[in-house]
Amino acid sequence: MVEAGGYLYFMSFEGVEGLVDMATLKGQVEEEFSLPTKVVEAEIDPKPFFDRGRKQYHSTMILKEMLSRLPPDAVRAVGLVTFDLFIPILTFVFGEAQLGGKVAIVSLARLRQEFYGLPPNPTLLQRRLIKEVKHELGHTFGLVHCSLRECVMSVANNVAAVDAKGMSFCQSCRELLQQNLRR
Amino acid sequence: MAENKDRCPFLREDKVAFCRAFPLRKPLPFDKIYARENLCLKGEYLRCPIYREKEGGKERTPKRICPFLEIETVMYCDLFPIKKMIPSSCYKLECPCTTERYTECPLFLGMAKGDLSTPSGMEEVGGFSLGPYIYCEGHFWLQEEGGERVKMGLDDFGQFLIGPIKGISLPGRGQRLTKGHPFITLISRSGEAQLPAPLSGDVVEVNEEVERDPSLVNFDPYGRGWLLQVQPEGWSRQRGLLSGEEAKRWLAEEVERLRYLLQSEIGVTMADGGELLRDRLQEVGRERWDLLVETFLKKGGMKNVGSP
């Protein structure tokens, strides 16, 4: 349930704000989820969650840490990081979220063109980030993956699939989201 | 040399030398530079027109080799048809060649699989191979052969769930299979699974190669890892079989369900991103592995077989 007077927090990790337009991201998310947003610096040291073997950070462990540090007025929180994330069974994740929970996380690492040896493209990065933030927030509002490619809740195994999905929710995901937002 | 799991075995290192004074960087393999003929590697570099032009007639204490000679370590892929030498300093952390993710590289996979067959018409669904076969819900594939025979094997998703197979017990030639009754035992590092037969019929052929080397089920589930040939009973009346687009949708749902079932310690989390790591399912623990095998591979199976 979304508590009245609560905020959706963006917990920004080191290096994120120089790469993305936070004002646009806030605007898009506020419009889609009808929630006021706040941006704060994440006071979480990700080093303990670094896996030397994989050279990636354990996403679920960071979510757990975020949960323990949620501001009292947070109805949802999205962590934004620049480093590459993983969960043990997947090669990498663009993001992860608690299904019907409060926290989500999105990594910019593989959304950046530079990761693929291409020149930077801030506009494309911003679009990819908005899609992934909406996707992960959708999970926190109880939405699961959608089979429609154009829906932002469709699953993406690679960045091409992120580009292929739409910027917003399909009709049935939107209806479910609205119901869950009202609950 | 000890195997390094964090680095592709086909990644090679070499030393190259180039002249920092020359307008173009032309790296040459260091071991191909012959000191006797090369000015750079002896005091006679002072006679080199490029050196003299760069130094502009300045008097410097002579050195043993040319101060503009640079030696750098480069890396290249031994499998790629063109040797593209990249300075080792440019290899980033996320480069698959220098992480354990090199096992996802198609060139590595091609070599690792060796001469194993790759049937045509295969496609990938959620990271799993799906071919032009008939699929059963318990993750066996079937292929009609001549003479009313059906060839059978475990599908790619099924072999992934079982994990690296160490032992296998197949029914013998002439033995009768009853749909839903256990007919095969697979032993992997995660445990032992008895799987129910997807159809009834008589076993007419057994893959002896798989009995000798059960890992073929993992490495080549649709090729050399086939299990049995069966003369099925009531083949035309079989239900619950999937093929084509229907099989594709079904497998996509199965992959999604598997991801969903692998819950984390903070409840159910959902991730958007990569593909299931082929060797990590063993980490889920015995209890959950049993549950996954029960959920995905024992569909339609008879429970408590043998009990009154």
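Are A:Lys165 and B:Asp272 buried or exposed? Both residues are buried. The model is a predicted one. In it, the side chains of A:Lys165 and B:Asp272 form a salt bridge, with an N to O distance of 2.9 Å. This contact crosses between chains. On the chain A side, A:Lys165 sits in the loop between helix H4 (159–164) and helix H5 (171–182). On the chain B side, B:Asp272 belongs to strand S17, residues 269–273.

Other salt bridges were also found. The search of the whole structure returns 21 salt bridges over all chains. Two of the contacts involve B:Lys248. One joins the side chain of B:Lys248 to that of B:Glu123, at 3.3 Å from N to O. B:Lys248 counts as partly exposed because its relative accessibility is 28%, a value between the 20% and 50% cut-offs. B:Glu123 is also partly exposed, with a relative accessible area of 37%.

The other contact is between the side chains of B:Lys248 and B:Glu245, at 3.8 Å from N to O. These two residues are three apart in helix H6 of chain B, so about one helical turn separates B:Lys248 from B:Glu245. In chain A, a network of salt bridges links A:Glu32, A:Lys134 and A:Arg174.

Rolling a probe the size of a water molecule over the atoms shows where empty space is left. The structure holds one cavity of 30 Å³ or more. The volume of the largest cavity is about 50 Å³. Residues of both chains line it. Chain A supplies A:Arg54 and A:Gln56 to the lining. Chain B supplies B:Glu100, B:Arg101, B:Thr103, B:Glu104 and B:Leu277. By class, the lining comprises four charged residues, two polar and one nonpolar.

Backbone angles were also considered. A:Lys55 has a phi near 60°, a positive value in a residue other than glycine. A:Lys55 is placed in the loop between strand S3 (50–51) and strand S4 (56–58) of chain A. With a relative accessible area of 24%, A:Lys55 is partly exposed. In chain B, the phi of B:His139 is positive too, near 70°, and this residue is likewise not glycine. The loop that holds B:His139 runs between strand S7 (134–136) and strand S8 (140–145) of chain B. B:His139 counts as buried, because its relative accessibility is 0% and the limit for buried is under 20%.

The surface was searched for patches. B:Phe80, B:Ile82 and B:Leu107 form a nonpolar patch there. Together, these three residues have about 260 Å² of accessible area. B:Leu107 is classed as partly exposed, because its relative accessibility is 33%.

Technical notes: Residues are numbered from 1 along each chain as its sequence is written. Chains are lettered from A and ligands numbered from 1 in the order in which they are written. This is a predicted model: local features need pLDDT of at least 70, side-chain atom pairs count only at pLDDT 80 or more; totals for chains, interfaces and linings use all residues. Side-chain values use heavy atoms; hydrogens and water are left out. Patches are made of residues with over 30% relative accessible area and no salt bridge: like charges are joined within 9 Å, nonpolar side chains (Val, Leu, Ile, Met, Phe, Trp, Tyr) within 5 Å. Accessible areas come from the Shrake-Rupley method with a 1.4 Å probe; for residues, only the protein chains shown count as cover. A salt bridge is a side-chain nitrogen of Lys or Arg within 4 Å of a carboxyl oxygen of Asp or Glu. Buried means under 20% relative accessible area, exposed over 50%, partly exposed in between (1.4 Å probe, protein chains only). On a 1 Å grid over the protein atoms alone, a cavity is a set of points where a 1.4 Å probe fits but cannot get out, and a pocket is an open set with protein on both sides within 12 Å along at least five of seven lines; lining residues have an atom within 4 Å of a point. Grid points are joined across faces, edges and corners, and a volume is the space filled by probe spheres set on the points. Ala, Val, Leu, Ile, Met, Phe, Trp, Tyr, Cys and Pro count as nonpolar, Asp, Glu, Lys and Arg as charged, and the others, Gly among them, as polar. Helices (H or I, at least four residues) and strands (E, at least two) are DSSP runs, numbered from the N terminus.
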